[in-house]
Amino acid sequence: MAWALKLPLADEVIESGLVQDFDASLSGIGQELGAGAYSMSDVLALPIFKQEESSLPPDNENKILPFQYVLCAATSPAVKLHDETLTYLNQGQSYEIRMLDNRKLGELPEINGKLVKSIFRVVFHDRRLQYTEHQQLEGWRWNRPGDRILDIDIPMSVGIIDPRANPNQLNTVEFLWDPSKRTSVFIQVHCISTEFTMRKHGGEKGVPFRVQIDTFKEDENGEYTEHLHSASCQIKVFKPKGADRKQKTDREKMEKRTPHEKEKYQPSYETTILTECSPWPEITYVNNSPSPGFNSSHSSFSLGEGNGSPNHQPEPPPPVTDNLLPTTTPQEAQQWLHRNRFSTFTRLFTNFSGADLLKLTRDDVIQICGPADGIRLFNALKGRMVRPRLTIYVCQESLQLREQQQQQQQQQKHEDGDSNGTFFVYHAIYLEELTAVELTEKIAQLFSISPCQISQIYKQGPTGIHVLISDEMIQNFQEEACFILDTMKAETSDSYHIILK
C-alpha cells in the first residue's frame, strides 16, 4: 500500500501521509460489500480492526478469513484511533448483518455446494459481567418474563435456512446458510445497556455488549461441530431512537474539536465490520440435541424457560414458598436474592446472612435500595403473600359417591329423624387472571390430568341447563363460592366436560 512504513520518509511526512491514505483506503467500506470489493488482509491489518490480539494465534495476523460479516449500522465517531469500533443500536429495531463468502479460489473446497451453520450471540463485553453472566441473565429473565434478548426478523432476512431460537438460551439464535448465495440476517436486540448497571438517580452509563458470530461446517456424522470462523463487534443498545441521538451527540462533540485532536479519533463508517475473535466456549457445541423451531413471538416463551448463559444448565424454578430463614448462610442469601429478582443488590449484601437481612427495617431497605425496590425487598423478606383476586371452593363428585351419600342420608334420617348430611371435602382454587383458560388449568391440576383433556367447562343454571363458562362469568363469581364438580365424557373425543353445580 502507498503508506507502508518501509518508505524512507521523515516522521512528519509519514504521519500526514498516513492520515490521508488511511481515509482514502477505507472510503469504500459499506458501499461495495461484495466479496471482492477490497482485500480483507489489508483491512484487518489496520489497528482499528484488531480486537484482542492476545486471544488470537500470531499466524492469524496476515490470514485472509473465509467469511466476512458486515453490520449495517454506523460506527461512533468518538472512538480513538487504536481502539475497537463501537456501534449504537436501538432496542427492538431490525439491523441487517450481511454474510459474505471471502474464501480464496480453492480454499475450503469441502463446503462447496454445502450449508454451514452460524450461531449468533449477544454477550457482555466487560470481563466483570462475563464472570456473572448466568446471574445477570437470570435477573433479566425475571424482570422481563416471556421476552428474549436476541431475535431474528425472519420476514426481512434473506437466504437463511431452518432458523432456531432455543428457549433455554435467550441471547442465542442459529441458522443454516449457503455461502455461495446472498445471505442477509436481520437481528433485533431487546435488552438495553442500562439494564445491567446499578440504578441510582438516572443517567447511568450503559454497559457495552458484543455481537458474536460462530460458523461451523458439517462433520462426518452430519453434525455442525467443526469450527470455521468467529467474529464479533462491540455495541451499545439504547431505548428506541436513543442510538440516533447518541450518534448525533458524538458527532457534534467531534466537530468542536481541533483538527489536531480529530486526528486521534476514527472517522464514523457507514457500516461495522465484525473482526475475528476466539470462538465461544466449545462446551456449547458438544450438545447438538435438536432445539425447538424458531418462533419470533416473544410471548411464546414461558416464564420458566431458562437463561442465555452458554455455560450453565437452566435451573429449576424456585419453589412457591421461598421465604428467607434466620439460619440462611451468606452464600444461600445471595442465591435467594437472585431467585427473587434482586440481582443488582447482591454486591451490597455480599456478607449478609439470612438473620442480617431479616433484621433490616422497612426504612433501612428503602434507604439502601430506593423506594420501589426497597418496598419489594422488604415484602419479600417478610414473606408477605399477595391475596388472589378470587377464591372458589370445589368438591369432586362421582356417581358412586352420590349414591352412597343418598343412602347414608336416608338411613340416618330414618334412624334419628335428623338430616345432618355427609362430610364433603372441598379444595380451594385461587384465580389471578379470572379467565376460563386459568380455571381449566387449575381444575386440570386438581384432577391430575392435562388441560387438553378438558373439552369445556359449564355451570349448571336454572332448570338444570348447562351454561358455557366465559371470562365474564368468572369475573362475576362471588368470592369463596362453593361448587361441586361433575364430569361427563365428551361425545367425539377422549376428553371430558366439567360441570360446576
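Glutamate 174 and lysine 117 join their side chains in a salt bridge at 3.3 Å, N to O; the term covers a side-chain nitrogen of Lys or Arg within 4 Å of a carboxyl oxygen of Asp or Glu. Glutamate 174 sits in strand S7 (residues 172–177) and lysine 117 in strand S4 (residues 116–124), so the bridge ties together parts 57 residues apart in sequence. Strands here are DSSP runs (E, at least two residues) and helices likewise (H or I, at least four), numbered from the N terminus.

This is a predicted model, where local features need pLDDT of at least 70, side-chain atom pairs count only at pLDDT 80 or more, and totals for chains, interfaces and linings use all residues. Residues are numbered from 1 along each chain as its sequence is written, and side-chain values use heavy atoms, leaving out hydrogens and water.

The salt-bridge count comes to 16, including these:

| Pair | N to O distance |
|---|---|
| Glutamate 174, lysine 117 | 3.3 Å |
| Arginine 141, glutamate 138 | 2.6 Å |
| Aspartate 486, lysine 501 | 3.2 Å |

Arginine 141 and glutamate 138 are three residues apart in helix H4 (residues 133–143), about one helical turn. Both are buried (under 20% relative accessible area; exposed is over 50%, partly exposed in between, with a 1.4 Å probe and protein chains only). Aspartate 486 is buried at 13%, while lysine 501 is partly exposed at 37%.
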